[in-house]
Amino acid sequence: MNVYQCCDKIRELYSLIGSGDQGYIPKAIGCALKALNDIAGDESLPADIRDKAAFAAANLLISDAED
C-alpha cells in the first residue's frame with residue numbers, strides 16, 4: 001500500500017508530517033501498535049472494527065518489520 005491508496009485523512013497527515021508542520025515519530029511501528037491496541041480495546045466501537053485492528057496489530061507484532 002502506498003500513500004495514494006490511503007484515505008484523505010491519512011494523506012493530509014502524511015503531507016503535514018512531510019512538510020514539518022506535524023511531528024514525526026521515528027518509532028512508527030510502536031505508534032501504529034499503540035493506536036491499533038487502543039482501537040481493539042475500545043468496547044464502544046463495533047466488533048468488526050475492533051477485530052480488524054486486533055488482526056493488524058497481531059500481524060505487525062509477528063512480522064519481521066522492526067522499529
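Visitor: Is Leu-13 buried, partly exposed or exposed in this structure?
Guide: This is a predicted model, in which local features need pLDDT of at least 70, side-chain atom pairs count only at pLDDT 80 or more, and totals for chains, interfaces and linings use all residues. Residues are numbered from 1 along each chain as its sequence is written, and side-chain values use heavy atoms, with hydrogens and water left out. Buried means under 20% relative accessible area, exposed over 50%, and partly exposed in between (1.4 Å probe, protein chains only). With a relative accessible area of 39%, Leu-13 is partly exposed.

Visitor: Which helix holds Leu-13?
Guide: Helices are DSSP runs (H or I, at least four residues), numbered from the N terminus. Leu-13 lies within residues 8-19, which form helix 1.

Visitor: Is Ile-10 buried, partly exposed or exposed?
Guide: Ile-10 is also found in helix 1. Its relative accessibility is 44%, so Ile-10 counts as partly exposed.

Visitor: How far apart are the C-alpha atoms of Ile-10 and Asp-51?
Guide: Along the chain, Ile-10 and Asp-51 are 41 residues apart. Between their C-alpha atoms, the separation is 21 Å.

Visitor: How many disulfides are there?
Guide: A disulfide is a covalent bond between the sulfur atoms of two cysteines. Here the rule is a pair of cysteine sulfur atoms within 2.5 Å. By this rule, the count is 0.

Visitor: Which cysteine sulfur is nearest to that of Cys-6?
Guide: Cys-6 is in no disulfide, and its relative accessible area of 15% makes Cys-6 buried. At 6.7 Å, the nearest cysteine sulfur is that of Cys-7.

Conventions. Helices (H or I, at least four residues) and strands (E, at least two) are DSSP runs, numbered from the N terminus.
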